[in-house]
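This briefing goes through one protein chain by topic. It begins with a contact neighbourhood, then turns to the core, a strand pair, a loop and the chain as a whole.

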Amino acid sequence: MRKKTSAFVLNFTLIELLVVIAIIAVLAGILLPALNSARDKGISISCMNTIRTLGFAAVQYAGTYNEYWVPYNRGGDANYAKWYNGNREFASLHGLPVGSVEMRFVKTASVCRAATLLRATDARYPSPAWICMENVYANGLHLDVENGPFSDTWEYRFVRLNKVKQPSSRFGFLETNNEGRTNSNYKWADWIADRNAVKTVPAYRHNGGRAMNIAFFDGHAELRDYTRVDYASTSDPNYNLWRPYKY
Ligand SMILES: [Zn+2]
């Protein structure tokens, strides 16, 4: 009798435990995606604030430097004063301390956290707390190679803000990855990589790998789905979004 009771108690407990586990599993299945989604949305909003700050800094820079958008590269030396490397004026406008920090390596707090999560274990970076800016965001001028009003492919990086066509729809800064063709399905990435041997590709880090943050030449920022960024042909309305002087 005693044994039977004990077995009954044990069986009851097991069933109860299974029910509780099942309920927890169902709740986790419902809540975890929501939590992940909320986290991803938070990262995306933070990233948009960062890229909007870059856009504002570039607009202010133009105000100071005779309407010129911060150049991708100010001189023939590829290492000289890129917007993210050695350009103290722009670094200052971006809110980084002048004279102590270059923008090439920035604290991970200053860039898209979705990128830093991917890079946290990459030994090429000096510390997980720092990341190379060129692997997170690109100056939109970088992308207009061979299609701007200048004939040479590398030295022109000068665009006057007051000459930009439709500044509210042309890409001033956007999310990119300098590591190679991570998104080989995207024709835009293929074009950049093949035509110029530049490993800068669009990086769709948000909305489950579908969207990127973009700052426009007028200073506003948007999260955009890749279907509104990439293009399939020259007749695609997206084709000129990253070409400030066109149309
Ligand atoms: Zn981002």
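In this predicted model, V111 touches T50, V106, T116, I131, M133, V136 and Y137, leaving aside residues up to four places away in sequence. V111 is also listed, with I51, A58, Y137 and I214, among the residues that have the most contacts inside the largest nonpolar core.

**Nonpolar core**

- The largest nonpolar core holds 48 residues.
- Two or more residues of this core come from each of α1, α2, α3 (113-119), β3 (137-139), β4 (171-177) and β6 (211-216).
- Helix α1 provides the largest share, with nine residues.
- As a general background, nonpolar side chains in soluble globular proteins tend to be buried together.

**Strands β6 and β7**

- Strand β6, one of the elements that give two or more residues to the core, pairs with β7 (residues 221-225) in the antiparallel sense.
- Five bridges connect β6 and β7.
- A215 has A221, in β7, as its bridge partner.
- Four residues lie between the two strands of this hairpin.
- G219, in the hairpin of β6 and β7, takes a positive phi near 100 degrees.

**Loop between α1 and α2**

- N66 sits in the loop between α1 (2-64) and α2 (88-94).
- The phi of N66 is positive, at about 55 degrees, although N66 is not a glycine.
- N66 counts as exposed because it has 9 C-beta neighbours inside 10 Å, and the cut-off for exposed is 12 or fewer.
- E67 also lies in the loop between α1 and α2.
- E67 is a residue other than glycine with a positive phi, near 75 degrees.
- E67 has 14 C-beta neighbours inside 10 Å, so it counts as partly exposed; that class falls between the exposed limit of 12 or fewer and the buried limit of 20 or more.

**Chain as a whole**

- The chain contains four helices and seven strands.
- From the N terminus on, these elements follow the order α-α-β-α-β-β-β-α-β-β-β.
- Of the 247 residues in the chain, 34% are buried.
- For contacts between residues at least 6 apart in sequence, 60% join residues at least 24 apart.

Notes: Residues are numbered from 1 along each chain as its sequence is written. This is a predicted model: local features need pLDDT of at least 70, side-chain atom pairs count only at pLDDT 80 or more; totals for chains, interfaces and linings use all residues. A nonpolar core is a set of buried Ala, Val, Leu, Ile, Met, Phe, Trp, Tyr and Cys residues joined through C-beta atoms within 7 Å. Two residues are in contact if their C-beta atoms, placed from the backbone, lie within 7 Å. Two strands pair if DSSP finds at least two bridges between them.
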